[in-house]
Each structure stands twice: as C-alpha cells, then as structure tokens.
Amino acid sequence: KVEYLHPYIISNLENIYNTIEDVLGNGITCKIISGYRNPKEQFELFKQGRNFKNGNWEVTDSRKVLTDKDGYIFKSAHNYLPSAAIDLGLFDAENRYICSQQQYVGILQATGLKLKWQIETQYINRQPQLEVPSEIFFQHNIEKDNAMLWQTLLYKAGTYFGEIDGIFGYWSTKALATATGQKLRSSIAWDMLHHPVNSETAISA
C-alpha cells in the first residue's frame, strides 16, 4: 500500500519513476517491488542463505543472502511503518522483470532527489534501494520521526493531546489503544487511523 510509505517518499514517487524511465528509455518501467515489511517478514528474508548454528545465524550460501537486517535486533528502514525505504524493480516493454543492477548506472546523479541510494553489490540478489536520508527525518532521527507521524495521526483521531515530540511514551501508547484497540504500531492500527469510519467496528470485534 502506498500509504505504508513515508510521506517524503510518496511525495517524490512520480519524480522517481519518471526520472528512472527517462534515463533508461527503451520502454523500461520502474515499479516498487518492496516497501513496508513487518519484523517477521524481514526475518524470513534474513534467513535466506543462512543456517542457525552454535547460537548464531551463519552465512552458508552468500549467493542467496539478501540482507543483514533481521528485523528485530537490527531493523531495516523497511521495518518502520510508514516505511522509510523502497526496493525498486525494472520491467521491459513486455512487463518482464529485469534483474540487473547495472541498469541503474547513471541514474544516481540524474534523479537529483534527497534520497539515499543503496546498491549493495555484495548481495547479488539485492535490488537497488531508495532510502530517506537522516537529514529529512524529524530531529534527524528515524525513531523520533516515526513516532511523530503516529502522534500526528492520533491527534487527528482525537485521542492524543500531548506534544508531537517524537517520543512515543505512555500517553502516545494509550492514545493508540483508545483509537485502534492495538497495543503496537502495527499495519492494523495504521489502516484504522487512515480509515477511521471502520475503527469502531474493528475495535468492538
């Protein structure tokens, strides 16, 4: 869902698509192939190419490794809701997936966007990732920025009356539970805050 993406990414999506497609040409289209991932989904990606041995997840096949973020101890920018990162895929004129990072050569300078490109060549299966840079975040901090976005939604829902300061403490958590019936900042809670007409029914259920 586009609404699962950080507002800064959403506001730049059209520019991102157009720039990449203009640079590459030849009927190439750009699409998001991954946005928000919950911790469980991130961990499933982390396990690829690894086996659990002697209390650790050890790399057994580097060709299958996709990420070094497990979603729990080490969070990816994808694991925040809204997601502060997107993975991009390229498709040809017949909508066939192009799996080649070389296709992105020359795009980095052309975009001119304040987004952080991460093309990690050590992961051969990894597609280019666009990530919101720290200077865009509230107080240059992804944790506080994320909390502030939630506090803003809760304020609009009429359950949070404190300062929108990016500190998701007792009153923010209480406001979340009151508005959505959820204890965690989950996709269920996010959906309910974006579609408040369904909230009362969902909470009572």
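**Figure 1. Overview of the predicted model.** Among contacts in the protein (heavy atoms within 4.5 Å) between residues at least 6 apart in sequence, 56% join residues at least 24 apart. This is a predicted model, in which local features need pLDDT of at least 70, side-chain atom pairs count only at pLDDT 80 or more, and totals for chains, interfaces and linings use all residues. Residues are numbered from 1 along each chain as its sequence is written, and side-chain values use heavy atoms, with hydrogens and water left out. The protein has 7 helices and 7 strands. These are DSSP runs, numbered from the N terminus: helices are H or I with at least four residues, strands are E with at least two. From the N terminus on, the order is α-β-α-β-β-β-β-α-β-β-α-α-α-α. Of the 205 residues, 42% count as buried. Buried means under 20% relative accessible area, exposed over 50%, and partly exposed in between (1.4 Å probe, protein chains only).

Figure 2. Helix α5 spans residues 170–180. Its buried residues are S172, A175, L176, A179 and T180. Why do they lie on the same side of α5? They cover an arc of only 105 degrees around the axis, taken from the directions from the helix axis to the C-beta atoms. Exposed residues Y170, W171 and T178 sit on the face turned away from the buried side. Just after α5, G181 takes a positive phi of about 80 degrees.

**Figure 3. K174 in helix α5.** K174 is placed in helix α5. Its relative accessibility is 43%, so K174 counts as partly exposed. Y160 is 14 residues from K174 in sequence. In space, the two are 8.3 Å apart, C-alpha to C-alpha.

**Figure 4. Helix α4 against helix α5.** Helix α4 covers residues 142–157. It packs with α5 at an angle of about 50 degrees, with the axes 10 Å apart. Axes are lines fitted to C-alpha atoms, for helices over the stretch in contact, and angles run from 0 to 180 degrees between N-to-C directions. The two helices are therefore oblique to each other. Angles under 35 degrees count as roughly parallel, over 145 as roughly antiparallel, 65 to 115 as roughly perpendicular, and the rest as oblique. α4 passes α5 in a left-handed crossing: the near helix is turned anticlockwise from the far one by less than a right angle. W150, Q151, L154 and A157 of α4 meet S172, A175, L176 and A179 of α5. These residues divide into 6 nonpolar, 2 polar and no charged. Ala, Val, Leu, Ile, Met, Phe, Trp, Tyr, Cys and Pro count as nonpolar, Asp, Glu, Lys and Arg as charged, and the others, Gly among them, as polar.

**Figure 5. Helix α4 against helix α6.** Helix α6 runs over residues 187–194. α4 and α6 pack at about 45 degrees, with their axes 10 Å apart. They are therefore oblique to each other. Their crossing is left-handed. From α4, the contact uses W150, L153, L154 and A157. From α6, it uses A189, W190, L193 and H194. The contact residues divide into 7 nonpolar, 1 polar and no charged.

**Figure 6. P128 in its loop.** P128 lies in the loop between β6 (116–118) and β7 (129–131). Is P128 buried or exposed? It counts as buried, because its relative accessibility is 0%. L88 is 40 residues from P128 in sequence. Their C-alpha atoms are 5.9 Å apart in space.
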